[in-house]
Amino acid sequence: MRLVNLVTQWEDGAMPRATAAALRATAAVLAEVGRPLEIRHDVEVEAPRTGEVRVRMTASGVCHSDLSMQDGTMLAAVPMVLGHEGAGVIESVGPDVVDLAPGDHVVISWVAQCGKCYWCGRGQPQLCDVARSAMASGGLLDGTTRMTSGGTALHQMAGSGTFSEMTVVPAIGVVRIPEDFDLRLAALIGCAVLTGVGAATNTADIAEGDTVAVVGCGGVGLNVIQGARLAGATDVIAIDVNDSKLALATQFGATATLDARQGDPVSRVMSMTGERGADVAFEVIGQQATIDQTLTMTRRGGQAILVGVPAMDAMVSQPAFFGVVLSEKTIKGCWYGSSDVRRDVPRLIGLYRSGRLKLDELVSATIGLEDVNSALAAMKAGEVARSVIAY
Ligand code: APR
Ligand code: ZN
Ligand code: ZN
């Protein structure tokens, strides 16, 4: 039997690099929207297929998008293994994977970037065609998933599913990193840092000396703040409703903080900028009210960058003449920090190593997978920058 398997594997070209067997893992599963995640110990993780890798997860951050899937703000196909901000070590590789091998340390890129489609070819790999259809399907690039529990297929959030000891992802959905880099911090690079720093350094066009406003200082917003400083902003006004977040914002480079509970943040940003408004304003929450505030606090000729993922029925509404034409405001969406992950992950690691990027300070708590529901609750309460699951 074993010999037959070996022969088939050789014929498939999968041997000796792939372990054909499914492996058992513990994973956090969203069985029903609005319910706590279920910790399941019986999850079977199939061997990687052509162009895929199986990754033993070392760490996964808990991001607001996980909460948005759990509470129904974002559309989730259930049952689904949540988690998309992760890092780990490759356990095996499927056929036709030539540039990755077992033992490689990797960050998960929850936008797989094919390098071949129209968008990748135009320097916008964050909009890659291949990743879009996978994300919509709740599976990997072919729409199917590699995890089952009790015989039922489990969807994988954003082609990832990092709330699991083990996952299978497309090879183009990981980025190799140096082995001596802390995988816990690497996990955070996978979403919060790429998105936040990228929003400031890729999506927006920040000029030396600009005044920037950041509405929402969670894991992503704190990275927008440090990214804005890296891009040359002199003044960064941080806005939040939580004292501990505002304190962290200062640590990450904010030069002024506003508590949005203490009165209208828009009028205070206006008065702090000679009634002009911010050169660049970022919304990093995803709420209708804060989107409206961000558009209003952006100066004439300035840029409003929308980073937070809103509910599906939220609208961008501005008076077309006064709000856009006469004011020449740019309203720009930001997906995954407009990141080219193969360019930006090494760049961020380099910035951290040279002391110009903070990562350790993002970790509010290191937890076990069984504590994921408490981590989601703490995020909902605005208490943490990031809880990081260590496997
Ligand atoms: N005004 C200002 N700040 C607010 C308000 C408000 N009305 N409401 C909430 N906040 C703050 C919270 O206190 C918190 O610090 O917004 C922050 C949101 O941060 P997190 O919950 O940590 O979310 P994060 O992971 O940073 O993600 C932010 O980006 O990637 C997307 O889906 C993600 O939409 C989410 C957004
Ligand atoms: Zn995320
Ligand atoms: Zn592409």
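This is a predicted model: local features need pLDDT of at least 70, side-chain atom pairs count only at pLDDT 80 or more; totals for chains, interfaces and linings use all residues.
Residues are numbered from 1 along each chain as its sequence is written, chains are lettered from A and ligands numbered from 1 in the order in which they are written, and side-chain values use heavy atoms, with hydrogens and water left out. There are zinc ions to look at, among them ligand 3, held by Cys114, Cys117, Cys120 and Cys128, and ligand 2, held by Cys63, His84 and Cys191. Beyond those, the structure holds 16 salt bridges and 1 cavity of 30 Å³ or more.

**Zinc ion (ligand 3)**

- Four cysteine SG atoms, from Cys114, Cys117, Cys120 and Cys128, coordinate this zinc ion at 2.3 to 2.4 Å. Donors here are N, O and S atoms within 2.8 Å of the metal (3.2 Å for Na, K and Ca), and since water is not among the atoms, sites may look incomplete.
- The arrangement around ligand 3 is tetrahedral because its 4 donor atoms subtend angles of 104 to 115 degrees. For four donors, tetrahedral calls for all angles between 85 and 135 degrees.
- Along the sequence, the donor residues of ligand 3 follow the spacing C-x2-C-x2-C-x7-C.
- Helices (H or I, at least four residues) and strands (E, at least two) are DSSP runs, numbered from the N terminus.
- Cys114 is buried at 17% relative accessible area, and Cys128 is buried too, at 1%. Buried means under 20% relative accessible area, exposed over 50%, and partly exposed in between (1.4 Å probe, protein chains only).

**Zinc ion (ligand 2)**

- Cys63 (SG), His84 (NE2) and Cys191 (SG) coordinate this zinc ion at 2.1 to 2.3 Å.
- The donor spacing for ligand 2 reads C-x20-H-x106-C.
- His84 is in the loop between strand 4 (80–81) and strand 5 (85–93) while Cys191 is in helix 5 (residues 183–203), so the pair ties together parts that are 107 residues apart in sequence.
- His84 counts as buried at 2% relative accessibility, and so does Cys191 at 4%.

**Salt bridges**

- Side chains of opposite charge can pair when their charged atoms come close. The cut-off used is a side-chain nitrogen of Lys or Arg within 4 Å of a carboxyl oxygen of Asp or Glu.
- Asp180 pairs with Arg353, with the closest N and O atoms 2.6 Å apart.
- Asp180 is exposed at 62% relative accessibility, whereas Arg353 is partly exposed at 46%.
- Arg261 has a salt bridge to Asp243, at 3.0 Å between the closest N and O atoms, and another to Asp259, at 2.7 Å.
- Asp243 is exposed at 52%, while Asp259 is buried at 12%.
- Glu46, Arg49, Glu52, Asp142 and Arg146 are joined into one network by salt bridges that share partners.

**Cavity and pocket**

- On a 1 Å grid over the protein atoms alone, a cavity is a set of points where a 1.4 Å probe fits but cannot get out; a pocket is an open set with protein on both sides within 12 Å along at least five of seven lines, and lining residues have an atom within 4 Å of a point.
- The largest cavity holds about 100 Å³ of space, a volume being the space filled by probe spheres set on grid points that are joined across faces, edges and corners.
- Lining the largest cavity are 17 residues, with Trp110, Ala112, Ala158, Gly159 and Pro170 nearest its centre.
- Helix 4 contributes the most to that cavity lining, 3 residues.
- The cavity lining has 12 nonpolar, 5 polar and no charged residues. Ala, Val, Leu, Ile, Met, Phe, Trp, Tyr, Cys and Pro count as nonpolar, Asp, Glu, Lys and Arg as charged, and the others, Gly among them, as polar.
- The second largest pocket has about 380 Å³ of space. Of its 19 lining residues, Gly51, Asp99, Ala171, Ile172 and Arg342 are the closest to its centre.
- That pocket lining has 8 nonpolar, 2 polar and 9 charged residues.

Terms used:
Four donors count as tetrahedral if all angles lie between 85 and 135 degrees; four count as square planar and six as octahedral if opposite donors are over 155 degrees apart and all others between 65 and 115; anything else is irregular.
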